[in-house]
Amino acid sequence: MTDRPALIVTGVGAHADPWHGLAATSTALAGMLAERMPVRHLDTDEIANGATLTGAALIVVNISGDLATDAAPASAVLDPLLDAVAAGIPLLAVHSSSLAFRDDPRWAELLGGRWVPGSTMHPQIGWSLVQPTAPLAPFRVYDERYSHLEVDDGSALRAIHTDDGITHALAWSRRGADGHGGAAYSALGHGVEAYRSAGTRALLHALIGELLGTTHTAIETPDASAASRDLEAAALDYELIALAPHGSEIATTGFADRFDDGELLASGYLLLERLPTGCALHSHGREVGRVASVDGGLRVDLPGAEIDGRMLRAADAGIALIAESGEWQSDGAGSAILLGEDWRVVVVHGPAPVKLDNRVRLLDDLRAVRETQREQNA
């Protein structure tokens with residue numbers, strides 16, 4: 001373990017986007033990096049305001065850029081990063097960092113690759129097979145699979161994935177000038193659940209080891225703190241998660257490509273975090289509300305939510321809770337209680353109104369499937 005810290009740079013403001021919870025994934029990265037070195041945090045505003053990058057053993061960049069807006073000026077943040085690498089500090093960039101500084105070719109030159117607007121994309125988030133270079137073993141991870149990234153000839157591939165028969169780069173590294181200040185990139189890490197994968201952590205440690213010229217022995221991480229068992233939760237389909245009182249049967253349809261390790265339950269970009277009391281709801285990595293079992297029902301705290309018949313909807317958060325059993329009662333601005341001892345609700349996620357409406361219709365179709373199955377089994 002080195003005494004010099006890893007410096008995690010988190011994107012904020014113009015160096016973030018609506019689709020990534022960068023603060024949360026930086027926290028997950030910090031937990032992994034703490035296995036081998038101290039960790040410091042800076043955000044892009046602090047760098048632009050003159051925060052020093054010297055003294056770090058490694059810079060880890062977890063930033064982005066909103067492709068729907070004009071590119072932000074790069075120099076105030078990019079110049080200090082380039083100076084640090086030129087001074088011999090290696091740099092590891094992750095996931096959406098390949099979208100950053102898109103109007104400044106120096107960033108793509110440093111990373112050895114880039115996201116190309118209009119060409120690079122990713123299939124729907126879900127489980128996929130990652131094939132790293134030896135000696136790492138292939139592994140499965142619940143994550144986005146960036147595809148059609150542009151990779152320079154001088155970059156050494158460290159991991160790939162295959163989609164529709166086409167091989168795509170997921171991670172690579174490149175040597176720095178005179179063997180110092182090299183750079184590496186991993187496209188993995190959309191959400192915190194990706195960092196729960198031992199394979200993802202091993203790949204990142206291998207990239208860091210290559211940059212630092214050191215090896216690392218994996219540390220068994222202890223189980224997370226006990227999560228609440230007041231609620232039952234199950235993913236029904238893409239971005240549909242059912243909740244019911246503890247001990248209830250929650251039938252799953254088998255259509256969902258989901259991640260569930262007992263603490264985190266992810267379906268698409270909707271994530272439910274089981275807490276000691278109740279659960280937190282996350283949209284694209286950001287907490288947007290909480291639910292908790294109370295006497296006689298379910299309490300929901302969801303800023304901006306309004307009751308509309310069987311639906312409690314927060315349009316800005318892209319979240320709706322559809323009551324399948326129970327009756328909504330307002331409990332103040334953004335808060336409500338679903339009354340009934342046998343309450344049941346489905347959390348529906350869609351960051352755009354049309355997506356939210358479409359998934360509410362999907363839920364109605366799933367009800368029809370269940371009814372048809374009951375009739376066939378009768």
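Tutor: Strand 12 (residues 231-237) and strand 13 pair in the antiparallel sense over 6 bridges. This is a predicted model, in which local features need pLDDT of at least 70 and side-chain atom pairs count only at pLDDT 80 or more, while totals for chains, interfaces and linings use all residues. Residues are numbered from 1 along each chain as its sequence is written, and side-chain values use heavy atoms, with hydrogens and water left out.

Student: Which other strand pairs with strand 13 in the antiparallel sense?

Tutor: Strand 23 (residues 335-349) does, over 4 bridges, and in that strand Val-348 is the bridge partner of Leu-240.

Student: Why is strand 13 called largely enclosed by the rest of the structure?

Tutor: A residue counts as buried under 20% relative accessible area, as exposed over 50%, and as partly exposed in between (1.4 Å probe, protein chains only). In strand 13 (residues 240-245), 6 of the 6 residues are buried, and therefore the strand is described as largely enclosed.

Student: How do you know that Arg-196 forms a salt bridge with Asp-261?

Tutor: The term asks for a side-chain nitrogen of Lys or Arg within 4 Å of a carboxyl oxygen of Asp or Glu. For Arg-196 and Asp-261 the closest N and O atoms are 2.5 Å apart, so the pair qualifies. This pair links distant parts of the chain, 65 residues apart, with Arg-196 in the loop between strand 11 (183-186) and helix 5 (198-212), and Asp-261 in the loop between strand 14 (258-260) and strand 15 (264-267). The side chain of Arg-196 also meets that of Glu-263 in a salt bridge, at 3.2 Å from N to O.

Student: Is Glu-263 buried or exposed?

Tutor: Its relative accessibility is 13%, so Glu-263 counts as buried. Arg-196, at 36%, counts as partly exposed, and Asp-261, at 35%, is likewise partly exposed.

Student: What makes Asp-152 and Arg-174 a salt bridge?

Tutor: Their closest N and O atoms are 3.9 Å apart, which is within the limit for the term, so the name applies. Asp-152 lies in the loop between strand 8 (150-151) and strand 9 (156-163), and Arg-174 in strand 10 (residues 166-174), 22 residues apart. A search of the whole structure finds 18 salt bridges, and a network of them links Arg-310, Glu-324, Arg-344, Asp-364 and Arg-367.

Student: Why do strand 2 and strand 7 stand at the edges?

Tutor: The open sheet has 9 strands in the order 2-1-3-4-11-10-9-6-7, with mixed pairing. Strand 2 (39-43) and strand 7 (139-143) each have a single partner strand, so one side of each is left without a neighbour in the sheet. Further along that order, strand 6 (residues 126-132) and strand 9 pair in the antiparallel sense over 2 bridges, and Gln-131 stands opposite Ile-160 in strand 9.

Note on methods. Two strands pair if DSSP finds at least two bridges between them.
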